[in-house]
Amino acid sequence: MTDQPGLDPTYSDLLNEFPQAVELEARPGFTGVVVLTSALIDVMTYLRDRKGYDYLSSVTAVDDFPEDKLEIVYLLFKTTGGGIIELKVFTQRDEPVVPSITPLYQGAEFQEREVWDLYGVKFTGHPDLRRLLLWEGFSGHPLRKDWKEPFYEEEVKPFKTRWPEGKGVRSENLNPFKDNVQYPRDFDPNTYEPDADRSVYKLLESQIPAETGDFKVDHLVVNIGPQHPSTHGVFRMAALLEGEKVLALKPVIGYLHRNHEKIGERNTFVQNMPFTDRMDYLSSMSNNFGYAITVEKLLGVKPPERAEYLRVMMAELTRIASHTMAIGFLLNDLGAFFTPSLYALEERELILDIFESVAGSRMMCNYFRFGGVVRDIPEETLKSVKKLVEDRLPRKVDDLDRYLTDNEIVRVRCEGIGVLTAEEAIAYSASGPILRASGVPYDIRKVDPYSIYDRLEFDVCYRQHGDVYDRYLVRLDEIRQSLRILKQVINQIPEGPIMTGKVQYMVKVPAGEAYGRVEGPRGELGFYVVSDGKPNPKRYHVRAPSMINTTSLEKMCVGGKIADAVTILGAVDVVLGEVDR
Amino acid sequence: MEANQDLYKPGYEIPEELRQQVTITTLERIYNWGRSNSMWPMMFGLACCAIEMICTAASRYDFSRFGMEVMRPSPRQADVMIVAGTVTKKMLPQIVRLYNQMSLPKYVLAMGACACGGGPFKEGYNVVPGIDTYIPVDVYVTGCPPTPQGLLNGLLTLQKKIKMEQMKETGWYSKEPVVEVPIPILGPDVYDPRKSDLIYTETHKPEVLSTEESTMEGESK
């Protein structure tokens, strides 16, 4: 896309400022600039401090095997709105070393750890470069193209054994251990010393303050999770405590790492759609939405009007279901065990009924396709959406508001807890309700509108204090705004087709890259897809808002009480399927 | 109510005047009837299926109708472990440890395609192809995720299973100590200590080819 008239002027500023180190991406279908490794920090500092690119959206890598090249891709935005700036750094595959940008953008911490874990790129200057999703001692870096999983069958799907002959063999029978495992040569299980989380504990113990005075203080390392009722799944926090006070807290994730991206790169483009459902399993329609618009960018297709309205309708219903559930479970964490959740789940069931009638499944909808949606909405269902949106849900939201907002316990436990200032929230790349509760009115539906959001009337909800209470209030406000959007959608939805072109199993996606993002219930849900013209994506990366929001968890919890850590996590509203993928 | 009706039909003749007042049954039957109607599931969700499990507990489906409303986060107090979701290798040691910590009688219900056999994520490098490769499973509920109705059906199936158990065959009154499942270890890949010898022989084979390739060839021949 060189010399395009629509090229962001920042790119030419960059070329002028760093003529030696920066050059435009030359490959057709690709955008952005390529930066020399040595100049990366300077370029980043320039963009952040002089150009206002304060929001690091995503850090990821692409493996160019069989070329001896790994690309590190940085995606930057301004929180005041505007387009994307894309930087790439090339490094060789056998000894990849890149300077860490975590000191500049704290939000890169977990993402760089993820790249180290899955690609083996060493980030010099990173404060804590451990494996993120897998464990210390795991052999290899699995997202590299030449790394093969134990049940490896073929490079890409559809596998020849399964289609068209359909003579699949159980993968277990091909493996010498009859299980999904493989070991390096000369591995001796009898003498092997596992790491057993020593690295986490060592890190925590290194943060014990030196003793001062005669008063002796004991410090205690406590693990909350992975099996704990208030971690919303298999999340673990290893905390260093002094009495009840949290001195340090390290989230340990990866207990639900289901290899979404590795499987995604073996799948064909369409086959990934049902996998996105299972990522953030409380809001599958939003995930579909993000993936669909990303691939549509590559394909250059636009869904018909009716499909756009249906998409927005489903995405907003998802947001309502997800936010009511988040509120219910926040109250769970505060000690109001399960009663508020029952109210939330009651409404969610009604929304799930709608999903079931349009998509055939309650949770895993798999409803979107490239260029439209898979089924039209039945007339009856449209009526029940109308009834739900215009009559029942507004009342129920008011109920929640009335019961909870001025409840004394809720206020005492939530106000002033887990504060994140606007600057911190931006630096940590927080998104969604977390960012907006800190006073940054950044909503992708407004700043970078997709689908038909530019035509719909709604307000961006934001609050100023950045504490747990404000996050709760932002969610409540967003439910009301979603209802407002839904009312417009129901009244304006046109008749017409729901698919552009015909439904294809093997979509031909032209070579190139695309980053598409939607405002999911948890924040900026982005998909970074690279295609090399084959039926399968070359790179399929998900910018998971839950995972990046947990980067700031330590910041929010340190200094507070351990009981508040649970509340803070409840207000971040993580979904582990998305954190770990 | 069905269970109550069973109690009135012990297989003995009850005199007319005592019907509906005295119940004659076997100790075994009343024991199993009581147990099966107070199954306490462990509050333990892994992935997407956990959400459907919560829905099953909530007002619309409400499994407290079958005596299961007391969800316990502690394995010591739980009777049935609902493995709700994808079992990953990183999580596996914890699941096996939780299973070991449950006291007898204990049951395992594998909920969803992933817990039954790996499901859509089976090919993933961090996914265990079914929890039954490590711990015994009593009831499998398929689906991705199973609907709440499906889970309820699975739990009722488990109740049926419990009602068929015989006291003298159950292990929990025996004097022998309970044999624990050895906890898998996270090495270069997860490994089961029970398979150490197999792993050693496979990784120390004298061939030049890697172990995987050599077996693949062996299969095709």
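Lys178(A) is found in the loop between helix H4 (171–174) and helix H5 (198–205) of chain A, where helices (H or I, at least four residues) and strands (E, at least two) are DSSP runs numbered from the N terminus. The structure is a predicted model, in which local features need pLDDT of at least 70 and side-chain atom pairs count only at pLDDT 80 or more, whereas totals for chains, interfaces and linings use all residues. Residues are numbered from 1 along each chain as its sequence is written, while chains are lettered from A and ligands numbered from 1 in the order in which they are written.

The phi angle of Lys178(A) is near 55°, a positive value in a residue other than glycine. Lys178(A) counts as partly exposed because 15 other C-beta atoms lie within 10 Å; by the convention used here, a residue is buried if 20 or more other C-beta atoms lie within 10 Å of its own, exposed if 12 or fewer, and partly exposed in between, with C-beta atoms placed from the backbone. Ser429(A), likewise not a glycine, has a positive phi of about 55° and is situated in the loop between helix H13 (422–427) and helix H14 (433–437) of chain A. Ser429(A) has 29 C-beta neighbours inside 10 Å and therefore counts as buried.

Cis peptide bonds are present in chain A and in chain B. In chain A, the bond from Phe65(A) to Pro66(A) is cis, with omega near 10°, and Pro66(A) lies in the loop between strand E3 (55–63) and strand E4 (70–77). In chain B, Cys144(B) and Pro145(B) are joined by a cis peptide bond with omega of about -10°, and Pro145(B) is placed in the loop between E3 and helix H6 (148–163) of that chain.

Chain A is divided into domain 1 (9–124), domain 2 (146–184) and domain 3 (260–580), the bounds coming from an automatic or database domain assignment. The C-alpha centres of domain 1 and domain 2 of chain A are 35 Å apart. Helix H9 (residues 305–334) and helix H16 (residues 468–492) of chain A have axes that come within 9 Å and cross at roughly 155°; axes are lines fitted to C-alpha atoms, for helices over the stretch in contact, and angles run from 0 to 180 degrees between N-to-C directions. H9(A) and H16(A) are therefore roughly antiparallel to each other, given that angles under 35 degrees count as roughly parallel, over 145 as roughly antiparallel, 65 to 115 as roughly perpendicular and the rest as oblique. By class, the contact of H9(A) with H16(A) has 13 nonpolar, four polar and four charged residues, where Ala, Val, Leu, Ile, Met, Phe, Trp, Tyr, Cys and Pro count as nonpolar, Asp, Glu, Lys and Arg as charged, and the others, Gly among them, as polar.

Chain B has eight helices and five strands, which follow the pattern α-α-α-β-α-β-α-β-α-β-β-α-α along the sequence. Of the 221 residues in chain B, 41% are buried. The domains of chain B are domain 1 (2–36), domain 2 (48–173) and domain 3 (187–220), and the C-alpha centres of domain 2 and domain 3 of chain B lie 31 Å apart. The axes of H3(B) and H6(B) come within 9 Å and cross at roughly 75°, and these two helices are therefore roughly perpendicular to each other. The contact involves Glu52(B), Met53(B), Cys55(B) and Thr56(B) of H3(B), together with Pro148(B), Leu151(B) and Leu152(B) of H6(B), two residues being in contact if their C-beta atoms, placed from the backbone, lie within 7 Å. This contact of H3(B) with H6(B) has five nonpolar, one polar and one charged residues.

Between the chains, 55 residues of chain B are in contact with 52 residues of chain A. On the side of chain B that touches chain A, H7(B) gives the most, with six residues, and the residues of this side divide into 29 nonpolar, 16 polar and ten charged. Glu123(B), in the loop between helix H5 (112–117) and strand E3 (139–141) of chain B, is in contact with Glu149(A), Phe151(A) and Ile263(A) when its neighbours within four places in sequence are left aside. Glu123(B) counts as buried because it has 21 C-beta neighbours inside 10 Å.
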